[in-house]
Amino acid sequence: MRISYKFLQEYIDCSLSPQALAEKLIMAGLEVNAIEKTGPDLDNCLVGQILEINPHPNADRLTVCKVDVGTEIVTIVCGANNMKAKDKVPVALVGCRLPGDFLIKKSKIRGETSQGMMCSEKELNLSEEASGLMILPADAPIGNAITSYLGLDDIILDLELTPNRGDCFSVRGIIREISALTGEKPKEVHYDFSEEGEKIKDILSIQIDSPDLCPRYAAKVISGVSIGPSPLWLVQRLRSFGLRSVNNVVDVTNFVMMEWGQPLHAFDYDLIQGKKIIVRRAEEKEKLITLDDLERILTSENLVIADSQRPIALAGVMGGANTEVSENTGNILLESAFFDPSSIRRTANIFGLHSEASHRFERGIDPEGTIQSLNRAAQLILQLAGGKAAQGIIDVYPTTIPHRLISLEIVKVKKVLGVDVTEEKIINILQGLNFIVQKIDENKIQVQVPLFRWDVERDVDLIEEIARIYGYHNIPVNLPRNSLSPNKKTKLRDFETKIKIVFSGFGFSEAINYSFISEKVLDDLADLDGAPLERIRLKNPLTEDQNIMRTSLMPGLCKNIAYNLNRQVANIHLFEVGRCFFSSQTTNLPVEKMKLGVIMQGSSAPQSWRGKAVPLSIFDIKGVVDALMETLCITDYAILPNKTKWLGSHQSCTITVKGRLAGFLGKVGKKIIKYFDINQDIYALELDVDALKISENKHVSPLPKYPSVVRDLAIIISEDFSYQELEKSIREMDLKILRKVFLFDVYKGEQIASGKKSFGLSFTYQSLKKTLTDKEVNNVHGKIIELLKKKFQASLRE
Amino acid sequence: MLEKLKNLETAAAEEIFKITDLASLEQMRIKYLGRKGLLSQILKTISSLPKEEKPKIGKVANDCKVKIERLWKERFDQFKETLDQEKDKTLDLTLPGFPIFVGHKHPITQVLEETYQIFAGLGFEIADGPEIEEDFFNFEALNIPKDHPARDMHDTFYITEEILLRTHTSPVQIRTMKSHPPPIRIIAPGKVYRRDADITHTPMFHQVEGLLVDTETSFSDLKGILTVFVHQMFDPETKLRFRPSFFPFTEPSAEVDISCVLCHGTGCRLCSDTGWIEILGAGMVHPKVFESVEYDPQKNIGLAFGMGIERIALLKYGIGDIRLFFENDLRFLSQF
C-alpha cells in the first residue's frame, strides 16, 4: 500500500515529518519499505504557454517558439510538432537539470538562440511517452513550478502490510492508525450530492442467492454520464497509489477503493439484461469472459454476479467483458458489496487473478463501509462525469454481521507481556483503535471489536493491540525464571557434530548441497541408481534441475568436484552430512535417512618440495573408513569387494557394520565422471549415519607390561589369493600371543614369477603375563609359516 | 707390561686432546684401538705371560681399552656436535613446511553449532522433525488454514496435495508438543524449503526455531532470550529492536532487528540506510496452536522464535551472495 504524505494531510493533521511518521508506523507494526519522492527535483522547470510557433529559417523539422513562462517570454527551438499556439507545456529553463543529469544551457541551434526546452513526459521521467510535448490542461497556471503543479514534490510511504491487516489497505485505514498513534482525530467528511434521477427501485432489483458467500450487496445507478479522461488531480492521486488512469468512472471506483478500502465495480447499466442483479454460485461449466478478454470456465465454487440471463462478473475478482464500461456508456450501475474472504481467495487462486479488489476482499473489508463508499463514488462521478443519480440505494443485507465481543482480564496483559500496563492506559489504547470498551468488574473489561478488524478474535489479539501501541520497546528485557531442567541434547546432533569434527580433522571440507536433484541425472545414469523406482518428485519444482528428492549424496558431490575443477581448484576433498529421501509403502511420509558422503580427487597428501605427490587410490578412501571407525570406536565392520550402486566401477566395495550393509566406497566409474564432465579419477564413499550409531560399550584394555617381539616375513603367493583371505586364516588360528599383523610391502614385478605376488608381513607377539622367550615366539611364528605354506602354497623369500 | 699399558693410556689421552679434526681422530682410533693397533700389539704378548699373572694383566689391559674408548667417544661427540651445529646453520629454515590437508566445517554448520551452544546455555534441548512434512504440521496446526493469505508468505514446494517440503522448522514445535507434555524448552534446527531463488534467496536454507512452554513466561522473557542470543552471536554492543509483526502461530508477534553490523546504526547500503537489519521473527505462542496439540491454553503460555541461519552467517561474515553457501567452492569454504 502506497500513501502520499501530502494526500494524507487532507484527512488528518499530521505534524510529523515523513521519516518520523514512518518510524512511528514501523514501531506499530506497519512496515515501511521505502520513503520515496514522487518525482525528480526540477528547479527552473515551469508551466509555460506557447505564444507563437514560427518555422526555423535553417531547418525544416524545427520550429522557433515564443513561450510565456510568467516572468518573461523566452525563445525556444523545438523539434516536436504536436503543439499549437496557446498550448500549455512544461518548460525547462536554463539551469534546469532534467532526469538523466541533462543540464539545460543557453545554446544556438542551427543559428537560432534557444533559451530552454519544452518537455515530453519521458523527459520529465513521468512515463515512456516521448512522441511529443506533454500538453498541460488549459487551466494550468503559467509560471508555476512544474513539480508542485504535477505533484512531483510529494513523498510516498510504501507500506508492506502483513496479511492480518486488511483494514490498512486504504487511506482511511492508515489514517485510523495514525490517529491511534498521535491522538489526533481524523477530519470529518460529508459527501453531499443531489439525486435527481428515477427511483432506483423502479429500475433495478437485486437478489442474493448465496448469502453465505455474499452477506451484503448494495448498488446505485447513475444515468447520463459522459465517459472521458480524468482531471489531473485524480490522475495524480491514482499515480501516487501506483495505479494508472483509465477513464473518469473507472478511476473514481479505483480511487474510492484506495480511499475507503471498499472495492467497487461499475457496470454498463444498459447491458444488464432484465435490469436485475443476481448474486449466486456459478453453474458447473458456466462461461464468462472477464475484462482481460479471457474466457473463464466456472464451477459452483465461484461466486458470480449475474443478470437475468448470464454471469456479468466474477464476484470480487474481476468484471465481465459483457457489461464493461466503455466510451459509449451512458448509464452505470455501481456495485459495493461484502464477499466471503475465503471464497474470493479460492476463486482468485484458481484463475490466477490477483487484483487490487480480490486482495482486499480476501483479507476482509469493512462491511459497514459499503454505503459510505458508494456515496463517495456517486458524488465524485456526478462531479467528474456528470449525469443524474437515481434516488436511493438498493442495499441487500439480510443478516447483519455481528460485532465480536471479547472479554479481557486485566491481569492477563501482564501475564503475557511481562509488564504492568494500567487499566486506564489499556482502555485508552483500545478506544483509540475504535474498540468500544465496557468495564465488567474489578479485573475484567468487555471489548467490542470494530467490524473492519477481522484479525482480532481473542484476548491475546487485544493484548497485541495494547502492546504495539504501548510500544514493544517499552517492555522490559528479562530472562525466564522457570525451574531448570537438565539439557538432554539429542544424540543425533552430537553424532553429526562428531562426524563433522572428525572429517574436517581428516582434511575434508564440508559441502552442503540442495536436497533436490535433477531427475534427468537418475534417468541418464539409471543403471547406477539403486534407489527404488518410485521417486519423490516435486509437483512444482523451481527448475527441472531440481525436480526430485535425492536418494544419494553422490550426484551433489560429483557436481561439486566438477565445479571446483572448472575453477582450477585441485585436491578436492569434500564431505557432506545430509538427509536422503526414500518413498515408503508403510508410512504416510517418505523415509528420511541421514547419510555421510565423501569424495576425493587429487593426491593423498599435498604436494611439497619433499617429492612428488602420490596420486589417490582406492586405498586412500579405505583408509578414511578405517580411521573413521577407529574414531567412532567401531571394530565390528568389514569392507568387502562388491559391486555397488552409484559407483559403476570394478574398484568398489561394500561396507558392513555389525554384519549389516552400511554403505559403499570405491573409485567412481567412467560413466559417472564423464556424465559430470570430470576427466580425473575420483574416489567416493557413502555411509548411513544411523548404521554408525552403534553404542559399543567402551571398555579399556590394560596396557601390556611385558615387551613385544616383532618378526618379519616375506612370502610369495599366487595372485589368486587375496590379502584378506590370508589375514583371516591367520586370525582364525586364534594364536593367543599374536597381537598384530601388519602388511608393510606388496610387490609384483620382474623379481617374481608372473602370476605371483610378494607380501612383506610383520607379526607382533606379546603376552600379558610374562616376557616371551625366543622358543615360544619361534614356535608360534613357525605355525604361521606352516599354515601359509600349506594353505596358500607360499614360498619364503630371503 | 703394566708400565706399557699405563704409558699407552697417557699417550692416548694426550694425543686425543691435541686432535682438531675428525679425520685425525679416526687415524688415532686406528692407531690405538685398531686391529693392528698399539693396544692389540700389547695384548698379543699376554699369552706369553705366566698363567697366574694373566688375569690381573688382562683386567688392567681391558680397563685401559675401555678408558681410551671412552676418551675417544667423548672427543668424537664433541666433534659430532660441532659438525651437526654447522649443518643446522646451513639448513634453509625458510623452506616451506610440509603441508597437510586442512578441512573446514561449512560456515552454516559453524553458525548452527554456535547457536546450539548459546541455547544449550539457556537450557534448550535440540528437537528434530522430517524435512518432508504433512500439510497439517507445516500449516494447519500452526493456524494457517488452506485459504489463509498467510500461505502467500510461504512459496511451498509440494510432493502431493497434502505432503510438502517444510517451509519452516515450526512443524517441529507441533511434533514435540504432540509427543511431550509441558514444560518444553527446545530449539529445532534444520533445512527448510521455499520456492524462491535470487541473490538473497535460495530454494533451500536453514532455520533454527525455538519454543518454550511453561505455566509462566512472557514477552519480556522472549526479549531477554533473544537479547542474550544476539549479544553472544554478534557482539554485546549490538542493539535490538522489537517491532510488531504478524505470524499466524504467535500473538503478539514481533520482528526483531539488530543494529546494522556494518555501520552500527548510522545507515549504509547493507541496511538500506535504516541502521537496522531484520534477523528473526518471534512471538507468544497462539492459543490456537496449543489447542491443535491439545495443550490447555488457559494453563500454558509459550514463546517461540525462528531465524534464518544463512542470514545470520551473511551478516556475521560479511558475505554478499547467499548462493555461495551452496556452490561448495573450496576457495570459499576454506576461508572458514
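Residues are termed buried when their relative accessible area is under 20%. By this cut-off, and in a model that is predicted, helix α7 of chain A contains these buried residues: A:Asn248, A:Val249, A:Asp251, A:Val252, A:Thr253, A:Phe255, A:Val256, A:Met257, A:Met258, A:Glu259 and A:Trp260. The helix is thus mostly covered, with 11 of its 13 residues buried. Helix α7(A) runs over residues 248–260. Its first and last C-alpha atoms lie 18 Å apart, close to the 18 Å expected at 1.5 Å a residue. Both ends of the helix have local features. At the start of α7(A), a side-chain oxygen of A:Asn247 comes to within 3.1 Å of the backbone nitrogen of A:Val249. After α7(A) comes A:Gly261, with a positive phi near 80°.

Chain A also holds an open sheet of 5 strands. The strand order is β13-β16-β19-β20-β21, and the pairing is mixed. Strands β13 (205–208) and β21 (318–319) form the edges, each pairing on one side only. Strand β13(A) runs parallel to β16(A) (residues 276–281), and 4 bridges join the two. Within this pair, A:Gln207 is placed opposite A:Ile278 of β16(A).

Further along chain A, strand β35 spans residues 660–667. It is largely enclosed by the rest of the structure, because 6 of its 8 residues are buried. Strand β35(A) pairs with β34(A) and with β36(A). Strand β34(A) covers residues 652–657 and is antiparallel to β35(A), with 6 bridges between them. Here A:Ile655 lies opposite A:Gly663 of β35(A). The hairpin of β34(A) and β35(A) has 2 residues between its strands. In this hairpin, A:Lys658 adopts a positive phi near 50°. Strand β36(A), residues 682–688, is likewise antiparallel to β35(A), joined by 5 bridges. A:Gly666 has A:Ala684 of β36(A) as its bridge partner.

In chain B, 7 strands make up an open sheet with mixed pairing. Their order is β1-β4-β5-β9-β8-β7-β6. The edge positions belong to β1 (125–126) and β6 (240–247), and each of these strands pairs on one side only. Strand β6(B) pairs with β7(B) (residues 250–259) in the antiparallel sense, over 7 bridges. Among the bridged residues, B:Leu240 is partnered by B:Ile258 of β7(B).

The two chains meet at an interface. The size of an interface is often given as the accessible area lost when the parts come together. Between chain B and chain A, the buried area is about 8100 Å². Carbon and sulfur atoms give 57% of this area. Three residues, B:Phe98, B:Phe101 and B:Pro244, supply 10% of the area that chain B buries against chain A, more than any other three residues. The contact draws 93 residues from chain B and 90 residues from chain A.

Polar and charged pairs also cross the interface. There are 39 residue pairs in polar contact between chain B and chain A, counting pairs with both residues at pLDDT 80 or more. The rule finds 7 salt bridges across the interface of the two chains. A salt bridge links the side chains of A:Glu31 and B:Arg243, at 3.6 Å from N to O. On the side of chain B that touches chain A, helix α8(B) (residues 219–233) gives the most, with 8 residues.

How values were computed. Residues numbered from 1 in each chain as written. Chains lettered and ligands numbered in written order. Predicted model: local features only at pLDDT ≥ 70, side-chain atom pairs only at ≥ 80, totals over all residues. Heavy atoms only, no water. Expected span 1.5 Å × (residues − 1). Buried < 20%, exposed > 50% of the residue type's maximum accessible area, 1.4 Å probe, protein only. Polar contact = N/O pair within 3.5 Å; in protein donor to acceptor, adjacent residues only side chain to side chain. Pairing = 2+ DSSP bridges. Contact = heavy atoms within 4.5 Å. Buried area = accessible area lost by both parts, 1.4 Å probe. Salt bridge = Lys/Arg side-chain N within 4 Å of Asp/Glu carboxyl O.
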